[in-house]
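Try each task before reading its solution.

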Amino acid sequence: MIVDKVEKVNELSLEEIRQKLPDGDDRAYLTENGTRYTVTLHNPTSIPEAAFAACFSLVETNMMKMYKAAECGWSASDKRVEMREPPTRYLIASPESAPDTVAGFVSYQIDWEEDVSVAYW
């Protein structure tokens with residue numbers, strides 16, 4: 001059943017997910033301008049509070065206008081709760097020279113809706 005597959009994926013620990021990534025660890029990347037970035041994996045309980053705040057700020061800056069125009073509207077408190085849902089995972093890019101800085105991120109959830117597995121990015 002599809003729910004079982006989704007639950008199995010969501011039960012993976014961060015270490016089990018890291019082992020499935022290329023090289024099985026957090027990664028470092030070099031950009032064209034020579035800046036090196038580290039990409040780290042987090043869940044809602046492992047993400048540092050400052051990083052969570054930076055991710056929320058990016059969402060608010062880049063998405064609030066779109067949400068306000070949509071039927072669902074924008075609620076900062078609802079978005080924070082959604083970003084803390086247990087199946088949420090974060091890939092956070094930080095400059096190696098400033099590891100506590102969030103340069104960008106992607107968050108995702110694997111879930112199911114109407115008996116179809118879905119990935120929310």
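**Exercise 1.** Is Y108 buried or exposed?

The model is predicted, with local features needing pLDDT of at least 70, side-chain atom pairs counting only at pLDDT 80 or more, and totals for chains, interfaces and linings using all residues. Residues are numbered from 1 along each chain as its sequence is written, and side-chain values use heavy atoms, leaving out hydrogens and water.

Start with the cut-offs: buried means under 20% relative accessible area, exposed over 50%, partly exposed in between (1.4 Å probe, protein chains only). Y108 has a relative accessible area of 15%. Y108 is therefore buried.

**Exercise 2.** How many aromatic pairs are there? Describe the one formed by Y90 and F105.

Rings of Phe, Tyr and Trp (its six-membered ring) pair if their centres lie within 6.5 Å; planes under 30 degrees apart are stacked, over 60 edge-to-face, and the rest tilted. By this rule, the count is four aromatic pairs. In the pair of Y90 and F105, the centres are 6.1 Å apart and the planes make 40°, a tilted arrangement. Y90 is buried, at 0% relative accessibility. F105 is partly exposed, at 23%.

**Exercise 3.** Which type of pair do Y108 and W121 form?

The centre-to-centre distance is 5.4 Å, and the angle between the planes is 40°. This pair is tilted. W121 is exposed, with a relative accessible area of 69%.

**Exercise 4.** Which residues form one aromatic cluster?

The members are F56, Y67 and W74.
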